Amino acid sequence: MNIKTIQQGSYQTNSYVVTSEEHPGRCAVIDTGLENHNLLAYLSLNNLTPEMLILTHGHLDHILGIPALKKDYPDMKVCIHKDDEKMLKDPQLNMSGVSAVYDDFTFESVDRVVEEGDIIEVIGLSFKVIHIPGHTKGGMCLEASDKGVVFTGDCIFAGSIGRTDLPGCVNGDCMKQLINGLIEKVLVLDESTKLLPGHGPSTTVGLEKKHNPFFSEGSLSLAD
């Protein structure tokens with residue numbers, strides 16, 4: 001598995017292009033940005049055709065590039081967690097409706113909805129769905145099967161975690177649900193596991209257990 005990180009748009013969203021030696025010329029894309037200029041240019045330059053776009057959650061800075069990708073690659077499948085599917089159809093939930101820059105955005109043609117524990121198979125690779133609600137109701141991480149890598153969306157960043165005060169959060173316990181989900185499902189992985197977030201630099205489980213202010217090494221405990 002090979003991974004290319006492409007930063008996109010004013011929110012500097014990380015889009016990930018994943019390829020495998022078994023399927024040359026094909027790829028999977030994890031998240032898209034507000035604009036897709038850099039991603040489309042990379043795909044064209046490297047003669048890559050995306051088979052699937054996997055969305056870690058439904059906020060505008062991860063979904064607005066869908067139409068441009070579908071225009072150039074109409075056979076590409078779109079995948080999202082079942083609890084965030086409605087965000088694609090609701091400008092208020094995906095936040096395009098409250099943006100002063102971007103028009104109301106909707107996208108109806110989701111090809112696959114997934115939930116906790118599902119395995120997404122594409123280009124000979126597989127990704128396990130780790131459902132981490134809090135930032136959004138259907139926020140998810142993706143654990144690659146053949147390498148110590150987890151794509152974390154906006155659940156956890158280097159030194160921080162996702163916001164829990166935005167439309168699409170679960171309820172008043174969003175912060176607790178996000179922290180507890182990360183402790184129970186992500187920070188229990190091997191400390192060498194690489195975390196690839198939706199924004200900012202990559203990190204590891206070990207670094208976040210030691211340095212992330214929301215957690216502390218040796219004393220990780222569930223939020224009350």
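In this predicted model, Lys128 finds its bridge partner in strand β9, namely Glu143. The β9 and β10 strands make a hairpin, with four residues left between them.

Asn14, for its part, belongs to strand β2 (residues 13-19). With a relative accessible area of 1%, Asn14 is buried. Setting aside neighbours within four places in sequence, Asn14 is in contact with Thr5, Ile6 and Gln7, with Ile30 and Asp31, and with Pro197, Gly198, His199 and Gly200. Two of these contacts can be given a distance. The side chain of Asn14 gets to the backbone oxygen of Gly200 at 2.9 Å, while the C-alpha atoms of Asn14 and Ile30 lie 8.6 Å apart, with the two residues 16 apart along the chain.

Then there is Lys70, in helix α3 (residues 66-72). Lys70 is buried but goes without a salt bridge. The nearest side chain of opposite charge belongs to Asp111, 4.4 Å away, and the cut-off for a salt bridge is 4 Å. Asp111 still turns up among the residues that Lys70 touches, along with Met76, Val78 and Phe107, once residues up to four places away in sequence are left out.

Technical notes: Residues are numbered from 1 along each chain as its sequence is written. This is a predicted model: local features need pLDDT of at least 70, side-chain atom pairs count only at pLDDT 80 or more; totals for chains, interfaces and linings use all residues. Side-chain values use heavy atoms; hydrogens and water are left out. Helices (H or I, at least four residues) and strands (E, at least two) are DSSP runs, numbered from the N terminus. Buried means under 20% relative accessible area, exposed over 50%, partly exposed in between (1.4 Å probe, protein chains only). Lys and Arg count as positive and Asp and Glu as negative; His and the chain ends are not counted. Contact means heavy atoms within 4.5 Å. Two strands pair if DSSP finds at least two bridges between them. A polar contact is a pair of N or O atoms within 3.5 Å; within protein, one must be able to donate a hydrogen and the other to accept it, and residues adjacent in sequence count only if both atoms are side-chain atoms.
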